[in-house]
Amino acid sequence: MMSEIQYAKSLLADALRLDPGRIPDDAAMKTLRQWDSLAHMELIALTEEGLAVTLTMDDIVRMTSLHGLVAVLADHRKTVA
Amino acid sequence: MNLAGALVLVTGGASGLGLAMAESLQQAEAIPIILDRDREMLDTVTTRLGCPGFAVDLTDSVAVDAVVAAVCEKHGTPLGLVNNAGILRSAPLLSLGNAENPRHSLELWNEVLAANLTSVFLVTRAVADRMARRRVRGVIVSMSSVSAKGNAGQTAYSAAKAGVEAMTRVWAKELGPLGLRFVAVAPGYVDTPSTRAAVPEDILENLRRETALRRLCKPESIAATVIFALQNDMITGTTLSVDGGLVM
């Protein structure tokens with residue numbers, strides 16, 4: 001089964017149109033050139049679709065790094081569970 | 001969008017086409033909120049319709065942000081916005097018979113761009129920001145015109161309306177992932193007092209004859225299209241022409 005960080009990387013890779021292997025563990029909007037505002041919109045849409053939830057503005061601001069995205073995913077899985 | 005009980009901002013809604021839209025929205029059980037710079041007409045219309053209204057200069061960035069904040073604070077985040085306000089001014093690029101002023105004035109260019117393009121940018125920026133932050137899957141309908149295709153004698157107006165259509169496509173792409181929709185509506189010549197004041201009768205008659213359906217648009221037809229654009233949740237990033245076949 002895919003771990004949370006692997007799932008986060010797959011979402012991010014899909015949004016950024018990159019190979020998941022090219023997403024470093026410390027990926028963040030500030031450091032990854034391809035992760036711009038429009039790619040972030042794509043990430044929001046993919047995450048909402050994947051979790052079947054509507055993200056809050058807090059979530060959207062938190063998920064500007066891979067670690068933040070993992071935390072948002074974990075929070076929503078808890079809510080769903 | 002389900003219009004029943006939905007807050008929908010209508011700019012320039014105190015008269016003409018905007019008023020027809022506000023009335024149609026009310027008939028569809030939505031709650032129109034009118035933004036207009038003419039306070040006197042605004043008071044008359046909002047009293048008659050029993051809906052909220054705010055007086056504002058839509059070309060003033062600070063005033064637009066303030067009025068949208070006031071609307072949201074008092075009534076909540078709107079589900080819809082209809083960018084209807086604008087002005088119609090015509091002038092050719094060159095008037096060679098006019099020895100004193102042969103060139104299109106920059107002042108007129110700036111006035112028309114501010115009223116028809118910058119205002120749409122400012123209001124949409126403020127409202128879309130609120131919608132996105134509150135995760136409201138709102139709809140923004142902006143009035144274009146057949147002039148967007150390029151009407152002789154309307155350099156500034158045509159440029160502004162083409163700009164509105166381009167912004168509609170850009171915003172649909174940018175904010176579609178958040179569920180926001182953007183639609184432009186491009187009427188032909190609409191039979192309103194302001195059209196009759198701005199366009200000479202013989203020219204209007206020629207336009208009527210050039211229209212496939214041989215008649216000018218009625219405000220109600222445009223309002224019905226705006227309602228359709230608000231309600232149909234698969235329409236975005238496009239321009240709906242309502243011109244009776246004037247431009248094909």
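Reader: What makes the crossing of α3(B) and α4(B) right-handed?

Author: In this predicted model, the crossing of α3(B) and α4(B) is right-handed, a term used if the near helix is turned clockwise from the far one by less than a right angle. The two helices, α3(B) and α4(B), pack at an angle of about 35°, with their axes 9 Å apart. The contact is made by S61(B), V64(B), D65(B), V68(B) and C72(B) on the side of α3(B), and by L122(B), V123(B), A126(B), V127(B) and R130(B) on the side of α4(B).

Reader: Which residues of α3(B) are called buried, and why are they said to be on the same side of α3(B)?

Author: A residue is called buried if 20 or more other C-beta atoms lie within 10 Å of its own, and the residues of α3(B) that are buried are V64(B), V67(B), V68(B) and V71(B). They cover an arc of only 100° around the axis, and therefore they lie on the same side of α3(B). These buried residues pack against β1 (7-11), β2 (31-36), β3 (53-55) and α4 (106-133) of chain B, whereas the face turned away from the buried side carries the exposed residues V62(B), A69(B), A70(B), E73(B) and K74(B).

Reader: What makes β3 and β7 of chain B the edge strands?

Author: The open sheet has seven strands in the order β3-β2-β1-β4-β5-β6-β7 (chain B), with parallel pairing. In this sheet β3 and β7 (238-242) of chain B are the edge strands, as each pairs on one side only. From one strand to the next, the twist averages 20°.

Reader: How do you know that β1(B) and β4(B) pair?

Author: Two strands pair if there are at least two bridges between them, and β1(B) and β4(B) (residues 80-83) have three bridges, in the parallel sense. Within this pairing, L9(B) stands opposite L81(B) in β4(B). Helix α4(B) packs on the sheet, where it touches β1, β4 and β5 (139-143) of chain B, and its direction makes about 175° with that of β4(B). Helix α5(B) (residues 155-175) also packs on the sheet, touching β5, β6 (181-187) and β7 of chain B, with a direction that makes about 160° with that of β6(B).

Technical notes: Residues are numbered from 1 along each chain as its sequence is written. Chains are lettered from A and ligands numbered from 1 in the order in which they are written. This is a predicted model: local features need pLDDT of at least 70, side-chain atom pairs count only at pLDDT 80 or more; totals for chains, interfaces and linings use all residues. A residue is buried if 20 or more other C-beta atoms lie within 10 Å of its own, exposed if 12 or fewer, and partly exposed in between; C-beta atoms are placed from the backbone. Helices (H or I, at least four residues) and strands (E, at least two) are DSSP runs, numbered from the N terminus. The arc is that of the directions from the helix axis to the C-beta atoms. Two residues are in contact if their C-beta atoms, placed from the backbone, lie within 7 Å. Axes are lines fitted to C-alpha atoms, for helices over the stretch in contact, and angles run from 0 to 180 degrees between N-to-C directions.
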